[in-house]
Amino acid sequence: MDKEAEKPSCCHHEHNHHHGHHHGDKPKVAADPSAIYTCPMHPEVRQVGPGSCPKCGMALEPLIAESEDVAELNDMKRRFITASIFTIPLFIISMGDLLPGKPISSLMSPQFKLWSELILATPVCLWSAWPFFVRGIDSIKTRNLNMFTLIGLGVSVAFIYSLVATLFPGIFPPSFRNADGHVAVYYEAAGVIVTLILLGQVLELKARNQTGEAIKKLLGLAAKSARKIQDDGSEVDVPLDEVQVGDKLRVRPGEKVPVDGTVLEGKSSVDESMITGEPIPVTKSEGDKVVGATINGTGGLVMRAEKVGGETLLSRIIHMVAEAQRSKAPIQKLADTVAGIFVPIVIAISIITFIIWAVWGPEPAYSFAIINAVSVLIIACPCALGLATPMSIMVATGRGALQGILFRDAESIEVMRKIDTLVVDKTGTLTLGKPKLVTVQPTGSSDSNEFLSLVASLEQGSEHPLAQAIVDGAKEKGIALSEIKDFESVTGKGVKGNISGKVVALGNKALMNDLNIDYKNYLEQAENFRAEGQTVMFVAIDGSFAGLIGVADPIKESTPNAIKKLHEEGVKIVMLTGDSKTTAMAVAKKLGIDEVIAEVLPQDKVEVVTRFQNEGHMVAMAGDGINDAPALAKAHVGIAMGTGTDVAMESAGVTLVKGDLSGIAKARRISRATMNNIKQNLFFAFFYNAAGVPIAAGVLYPAFGLLLSPMIAAAAMSFSSVSVIGNALRLKKVNI
């Protein structure tokens, strides 16, 4: 998981830094100074506490969106409001003479007008624009030129030029002066640029807070406190972060289950829709597992806490979503590379623009040269380009999480839509993974209850899931089990032991052959049961054949529909299983699966995935067990069933929280919608810049007399960022 540690990062905190935050806390309004912050565009940048990214200058965000992180937003708002207060009168004074009758000139002398512009522009260009200069200078120091390099250059050139023109107008040659001998100043351009870009920043930070909504929703699900039963039987309410593993907790009717654990007493139905998305409550009684943040129905429960703090399923979901929102999609690397080449080229175009206007431009040539060079710097700002991918990824990950689909990283979202082959492990993925006893077939006239009693008594000693199914089946029928002596497990063959003086053996053909028992007459019957999808075992009592036992793993209700949907999407489905071929084919026929690979050993699963990859397929692998982990990691996209093991979830790119395959078709649709959205965003981002640069440089001036003022350039640039964000937020409503 910890890919971060390999990258040069600002701090090497372990990944569980979020355990320190208490998920039950009230949202803190101030930023937590000890939290880890990271850049939405450069996830490898990490530091303790807020700041801005040394590479692209964007505001860093907390790794886990604990609550509204409004410090940066409030700062930008203050700077924006201040800038607006000074810029509006500045704009009126400088542009007022364009109105008929030149109202401004009739009110104030040129000298007074000049100085009032300087006084109004100074706080805007020095205080409001300060973060842009700091980030611009940082970008030059670290040689990571970015949007702030361009903004900083543009604003400072316009302001310093105007300042010199105000204080020392005598030093400028005639080529700087207009018809009536004055040197033009551009305070209003500098002021308006700063104000518009600050507006863009405020809108962007607001929207970025919105993209974290999914995490905030998930955080809001956690219970705030737990009712702990102390050793003396008294009960006390404790904050969630004080619950320890092993604590006994009471969950009253209607309350949220505080942490993950097991029911010790009581019976109730629990609404688990927050993790499964299923509205039907699940009945829980002694021995059942419960998950933190699910809602208890009408009964009372006493539970034992087993996973607390950052270990609970909810915390892990939140952590996975946060990590995914911060990860980089391969397509983003393209945008980064482009931005890296783009900024130096823009600075070069700006310098060329200046030279051409200065040499060949109409009088006052130098004024035109400066103002057009500044326009080029401002319009070309690639900030929308940097936002295009991360915004869509953040919205999509949040959207998926609320549907029970967790993407571990942006790459999984990008690759998911290209998947054409799905390799599925049968047990626990297509089926429930909880085998049930379905056939009890003793030979001849012996009593089936007595037969089952002997078999189940023998199986009490075994760890195998099939054994568990037989014991449970017997208990359900109310059959008493007897003591077992001389229990022996024969690896890969079966078990034997002595029950009430009878020697009982249960297993496969190999075991029967070892014991020289004749089972030939029953082979056909066994094969028929297998053809129905059962796993069949032979039973011998006191050295002679006694009957058959059949256990089947029922297919999940959601599976047939999910497979139909995947087939509609054109995905080929391959089933892997350790079962015999006949059993596997029976399941495959029922479900319409394209290819079956039976009798696979766990270690061979990786080879199967590799084989399909070598044939040129994009392979997704879905599984739920520890033995699936290597194959999940090898596939282009590993899909873990959230009902399975932690190891499977850690090695997979996508986790389906409710462990139901229909999530895969949904994940593909999210993937497709996201990639389309990113492409639209990149178009928005590029289109403004590419179209704006030549106009700003003055290409249309000779033919149409058109120039793009730096103010319009700043407006266009801010608008491109806002349109990218608006487009990304549309993903919230996409149909899945």
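Reply: A residue is called buried when its relative accessible area is under 20%, exposed when it is over 50%, and partly exposed in between. The model is a predicted one. In helix α20 (residues 581-591), the buried residues are T583, A584, A586, V587, A588 and L591.

Me: What covers the buried residues of α20?

Reply: The cover includes the helices α14 (426-430), α18 (523-531) and α19 (559-568), together with the strands β19 (534-541), β21 (572-576) and β22 (595-597). Just after α20, G592 adopts a positive phi of about 70°.

Me: Why is R530 called buried?

Reply: The relative accessibility of R530 is 12%. The cut-off for buried is under 20%, and R530 therefore counts as buried. R530 belongs to helix α18. Leaving aside residues up to four places away in sequence, R530 touches V536, S580, T582, T583 and A586. Of these, T583 and A586 are among the buried residues of α20.

Me: Why does F684 count as partly exposed?

Reply: F684 has a relative accessibility of 28%.

Me: What makes the aromatic pair of F683 and F684 tilted?

Reply: The planes of F683 and F684 are 50° apart, and the centres lie 6.5 Å from each other. Stacked requires planes under 30 degrees apart and edge-to-face over 60, so the rest are tilted; the 50° of F683 and F684 belongs there. The structure holds 10 aromatic pairs. Ring pairs also join Y519, Y522, F538 and F545 into a cluster.

Me: How do you know that the charged end of K520 sits over the ring of Y519?

Reply: The charged end of K520 is 4.8 Å from the centre of the Y519 ring, where the distance limit is within 6 Å. The charged end of R611 likewise sits over the ring of F612, at 5.0 Å from its centre.

Me: Why are α11 and α26 called roughly parallel?

Reply: Helix α11 (residues 365-379) and helix α26 (residues 710-729) pack at an angle of about 5°. Angles under 35 degrees count as roughly parallel, and α11 and α26 are therefore described in that way. Their axes are 8 Å apart.

Me: Which residues meet where α11 and α26 pack?

Reply: From α11 come I371, V374, S375, I378 and I379, which meet P710, A713, A714, A716 and M717 of α26. By class, this contact comprises 9 nonpolar residues, 1 polar residue and no charged residues.

Definitions and conventions: Residues are numbered from 1 along each chain as its sequence is written. This is a predicted model: local features need pLDDT of at least 70, side-chain atom pairs count only at pLDDT 80 or more; totals for chains, interfaces and linings use all residues. Side-chain values use heavy atoms; hydrogens and water are left out. Rings of Phe, Tyr and Trp (its six-membered ring) pair if their centres lie within 6.5 Å; planes under 30 degrees apart count as stacked, over 60 as edge-to-face and the rest as tilted. Buried means under 20% relative accessible area, exposed over 50%, partly exposed in between (1.4 Å probe, protein chains only). A charge sits over a ring if NZ of Lys or CZ of Arg is within 6 Å of the ring centre and within 35 degrees of the ring normal. Axes are lines fitted to C-alpha atoms, for helices over the stretch in contact, and angles run from 0 to 180 degrees between N-to-C directions. Helices (H or I, at least four residues) and strands (E, at least two) are DSSP runs, numbered from the N terminus. Angles under 35 degrees count as roughly parallel, over 145 as roughly antiparallel, 65 to 115 as roughly perpendicular and the rest as oblique. Contact means heavy atoms within 4.5 Å. Ala, Val, Leu, Ile, Met, Phe, Trp, Tyr, Cys and Pro count as nonpolar, Asp, Glu, Lys and Arg as charged, and the others, Gly among them, as polar.
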